[in-house]
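Me: Please take me through the strand pairing and the charged contacts of this model. Keep it brisk.

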Amino acid sequence: MSNTSVTRIALKALPALSGSSLTYNAVKNVYLTQGWTSAAGNFYYRAIRVSNRLIIFFNIGEGYCHTFLNGITLYAWDGQKARMIAQKGWGGCDWRCFNEKFAREESVHMLANYLKSQAKMLGQSVPEQQLLSFSRQMVAETQQKRIA
């Protein structure tokens, strides 16, 4: 898939975040939204990774001492629009320091749980390791470099 194709998908799948409010950070390999600053002085933004089938939103905050992960939302691209399939949040006393490995593994488990529920609705049983392996592959696809 070409960089132009992925950009077109991102513009269609994320219309409210397209144009000047969405930038690409090649070093981190992530699309970034414009941020905002809270009354407490923390800076918040979304980091977004996309593939042709999956979109991962990381809600991130930067405080005076830590970068933290407030939540993860997964969207499935159905060819017409992005549809939310899973969401997990942390906050208050349950906040998490941002860590790429933790964010990736949480995304994998969220996707595997979604696929498990879909299989169950279809009357199918898929081994847990197979679901995790497939989910890791799909999350890894969102981490591939899209723009040079």
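Reply: Buried means under 20% relative accessible area, exposed over 50%, and partly exposed in between (1.4 Å probe, protein chains only). This is a predicted model, where local features need pLDDT of at least 70, side-chain atom pairs count only at pLDDT 80 or more, and totals for chains, interfaces and linings use all residues. Residues are numbered from 1 along each chain as its sequence is written, and side-chain values use heavy atoms, with hydrogens and water left out.

Me: How many bridges join β4 to strand β5?

Reply: Helices (H or I, at least four residues) and strands (E, at least two) are DSSP runs, numbered from the N terminus. Two strands pair if DSSP finds at least two bridges between them. β4 covers residues 43-50 and β5 covers residues 54-62. They run antiparallel, and the number of bridges is eight.

Me: Which residue in β5 is the bridge partner of tyrosine 44?

Reply: Tyrosine 44 lies in β4 and stands opposite tryptophan 36. In β5, its bridge partner is glycine 61.

Me: Which residue meets arginine 49 in a salt bridge?

Reply: A salt bridge puts a side-chain nitrogen of Lys or Arg within 4 Å of a carboxyl oxygen of Asp or Glu. Here the N to O distance is 3.1 Å, and the partner of arginine 49 is glutamate 100. The pair links strand β4 to helix α2 (residues 100-121), 51 residues apart, and the helix α2 member is glutamate 100.

Me: Is arginine 136 buried or partly exposed?

Reply: Arginine 136 forms a salt bridge with glutamate 105, with the closest N and O atoms 2.9 Å apart. Its relative accessibility is 36%, so arginine 136 counts as partly exposed.
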